[in-house]
Amino acid sequence: MEKFVIKGNTRLKGEVTISGAKNAAVAILPATLLIKGVCRIDNLPNISDVRIFCEILEELGAKIDWIKENSIKIDTTNIDCTSVPIEMTSKFRASYYLLGALLGRCGSAEVGIPGGCNLGARPIDQHIKGFEALGAKVDVGQGKISAKCKNLKGTSIYMDIVSVGATINIILASVLADGTTTIDNAAKEPHIVDVANFLNSMGADIRGAGTDVIKINGVKELNTSGTYSVVPDQIEAGTFMLAAVASRGDIIIKNCIPEHLDCVTAKILEIGGNVEDLGDSIRVWSNKRPQKATIKTLPYPGFPTDLQPQMGVVLSIADGTSIINESIWESRFQYTNELNKMGATITAQGKTAVFEGVKSLSGSPVYATDLRAGAALIMAGIIASGETHVYNIEYIDRGYEQIEQKFRNLGANIERVSEE
Ligand code: EPZ
């Protein structure tokens, strides 16, 4: 078992380069199943979710060649299986994209119930609603979901709730369908735009990604070759922006898209931090204690729920009382118990948490409960006095590439340690 050992009281300074986006990569990889040929994917984050996805695609018959640390060539000419066991799918959430992709390519898919971070209930009724609207017969039982349809037909689908996963899954199932599919009340996250751009670069006809109405004109087939580079990770960039504020540091975050982080920039300015847009980089610095704030997480372009725990660390040491309303997930405040072990004063109830800002945190053994909570606990350890041990770091490896190296380059004293 591995853990991070962090010696704190550090002001982070320097430059960090952002990797490709996890939530785009784990959608683009299954999207390659819609191509009967070879394509090259660059700027793939080398994280465990991506590596597991590649294993699954190879199980289905794809040939994958890692041409560089962050680039693969994938040949999906011969996909000879449409069933993916739960042992593989339960390791992460995005395995649900295999449903849309295999249904779209083969007219049938059988996928184990997806796993992923424990953030409370994570229903997939909107995914199923979309597949059924396109004409598929969907069954859920014995730990798996199966969907079958010989001829998917384009249609109009109104999403009852804004869902990233369902929006992408319906796009995947519609690209090769007969006719036009319209997704109304669609999610607008940057990773949705990236999947659509990837598929369009391969000959699909998807319009309006990034708005709440997406139109997919079905095409007979996609091109059989092409190269695509995954968009920089909005959430990784936001994590380092908030780490700069929490540590009263000065960081240049390179290879990111500043407009994807407008809502984070607005909140940092509100709490007394500084942000400078440098085109394909952002500089964030602060030399004073953050001010209190009220945060409500919302679908893009609102404040992302995947930066809520990181903002929680900032508000735990802010001057005054802050409130966070988590509107997306039922139970995304588990990390506050760990911060309270470090001397924070946070009261969390359901979807709301109240942060009585304290002057400083102190080191302690703490346990990551999910990917973003893990990143937040590293931030807390870097600013706390004394030593912090962060456990369950396999959660963090699911979504952050070489996080300890990146923080070390910014001056943090952090070690990955194996422990019996
Ligand atoms: C994606 O999850 C991300 N995961 C999550 O990031 C992120 O927190 C979430 O979007 C919101 O931004 C990936 O992209 C792999 P949703 P997803 O469908 O698709 C409800 C991380 O840390 N809902 O947008 O599962 C649902 O319960 C992860 O990188 C239904 O009710 O989220 C939630 O309340 C954690 N029925 C809301 O919609 C459905 O069929 C948004 O969920 C689908 C969703």
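A pocket here is an open set of grid points with protein on both sides within 12 Å along at least five of seven lines. I'm looking at a predicted model, and I started with the ligand.

Entry 1: I found the ligand in the largest pocket. Helix 1 (22-31), helix 5 (125-133), helix 6 (164-174) and helix 12 (371-383) each give two or more residues to the shell around it. Helix 5 gives the largest share, three residues.

**Entry 2: who is around the ligand.** I got 24 residues, with Tyr96, Asp125, Ser163, Asp306 and Ile328 coming nearest. I sorted the shell by class and ended up with 11 nonpolar, six polar and seven charged residues.

Entry 3: Which atoms pair up with ligand oxygens? I noted an N or O atom in the side chain of tyrosine 96, at 2.7 Å from a ligand oxygen. A polar backbone atom of glutamine 126 is also listed at 2.7 Å from an oxygen of the ligand. For arginine 372, a side-chain N or O atom is 2.8 Å from a ligand oxygen. Then I checked cover: the ligand alone exposes 830 Å², and the protein buries 91% of that.

**Entry 4: cavities.** How many cavities of 30 Å³ or more are there? I counted two. The largest holds about 70 Å³ of space, and its lining includes Lys22, His191, Asp233 and Arg372. Helix 1, helix 7 (190-201) and helix 8 (234-246) each supply at least two residues of that lining. The second largest cavity has about 50 Å³. Among the residues lining it I spotted Lys22, Asp233 and Tyr400. By class, its lining has three nonpolar, three polar and four charged residues.

How values were computed
Residues are numbered from 1 along each chain as its sequence is written. This is a predicted model: local features need pLDDT of at least 70, side-chain atom pairs count only at pLDDT 80 or more; totals for chains, interfaces and linings use all residues. Side-chain values use heavy atoms; hydrogens and water are left out. A residue is near a molecule or strand if one of its heavy atoms lies within 4 Å of it. A polar contact is a pair of N or O atoms within 3.5 Å; within protein, one must be able to donate a hydrogen and the other to accept it, and residues adjacent in sequence count only if both atoms are side-chain atoms. Accessible areas come from the Shrake-Rupley method with a 1.4 Å probe; for residues, only the protein chains shown count as cover. On a 1 Å grid over the protein atoms alone, a cavity is a set of points where a 1.4 Å probe fits but cannot get out, and a pocket is an open set with protein on both sides within 12 Å along at least five of seven lines; lining residues have an atom within 4 Å of a point. A molecule sits in a cavity or pocket if more than half of its atoms lie within 2 Å of its grid points. Helices (H or I, at least four residues) and strands (E, at least two) are DSSP runs, numbered from the N terminus. Ala, Val, Leu, Ile, Met, Phe, Trp, Tyr, Cys and Pro count as nonpolar, Asp, Glu, Lys and Arg as charged, and the others, Gly among them, as polar. Grid points are joined across faces, edges and corners, and a volume is the space filled by probe spheres set on the points.
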